[in-house]
Amino acid sequence: MAISTRFSVGIHILSLIATDEKMTSDLIAGSVNTNPVVIRKIMSMLKKADLIEVRPGVAGARLARSLSKITLLDVYHAVAVVPDKELFGVHAAPNPDCPVGRNIQSTVTPIFELAQSALEKVLAHVTLDDIVSEIEQKEASSS
């Protein structure tokens with residue numbers, strides 16, 4: 001099972017808004033290739049996390065902070081990818097009469113928590129500015 005696509009869609013939305021504040025949910029949906037309702041739901045999450053600002057009756061949105069002040073970890077948390085320390089699920093009811101079943105949760109849980117922490121540290125060091133800059137470089141080199 002993959003991490004929710006809300007994370008990559010959230011990055012996509014923010015990157016589009018960074019390039020054009022007049023982006024509507026319909027235009028963003030066209031770029032993401034999904035339904036505008038999905039975009040509006042994720043934009044609502046981004047707004048709640050103070051990553052974007054939207055004004056009623058005005059098309060588009062704008063970033064609430066500069067590109068260099070929004071990390072991928074901010075987006076990850078904004079779109080509620082997973083609850084804290086729950087990136088890796090552990091099955092709930094292993095057999096307590098089995099030596100492996102009795103000990104599997106307490107054995108793998110600390111490893112899973114370390115792995116999630118490592119992921120979050122990487123995301124904390126990548127900004128939206130890094131993403132948009134790389135997109136612009138790729139676009140320029142393909143022209």
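A residue is called buried when its relative accessible area is under 20%, exposed when over 50%, and partly exposed in between (1.4 Å probe, protein chains only). The structure is a predicted model, in which local features need pLDDT of at least 70, side-chain atom pairs count only at pLDDT 80 or more, and totals for chains, interfaces and linings use all residues. Residues are numbered from 1 along each chain as its sequence is written, and side-chain values use heavy atoms, with hydrogens and water left out.

V9 has a relative accessibility of 12% and therefore counts as buried. This residue belongs to helix α1, which covers residues 6-19. Helices here are DSSP runs of H or I with at least four residues, strands are runs of E with at least two, and both are numbered from the N terminus. Contact means heavy atoms within 4.5 Å. With residues up to four places away in sequence not counted, V9 touches V32, I39 and I42. I111 stands 102 residues from V9 in sequence. In space, the C-alpha atoms of V9 and I111 are 28 Å apart.

Is T71 buried or exposed? T71 counts as buried, because its relative accessibility is 15%. Neighbours within four places in sequence are again left aside. T71 is then in contact with L123, A124, V126 and T127.

Charged side chains were examined next. A salt bridge is a side-chain nitrogen of Lys or Arg within 4 Å of a carboxyl oxygen of Asp or Glu. How many salt bridges does this rule give? The count is three.

R62 has a relative accessible area of 41%, so it is partly exposed. E53 is partly exposed as well, because its value is 34%.

Another salt bridge links R65 with D74. Here the closest N and O atoms are 3.3 Å apart. R65 is partly exposed because its relative accessible area is 32%. For D74 the figure is 25%, so D74 is partly exposed.

A further salt bridge is formed by the side chains of E134 and K138, at 3.3 Å from N to O. Both residues lie in helix α6 (residues 128-142). They are four residues apart, about one turn of the helix. E134 has 42% relative accessibility and therefore counts as partly exposed.
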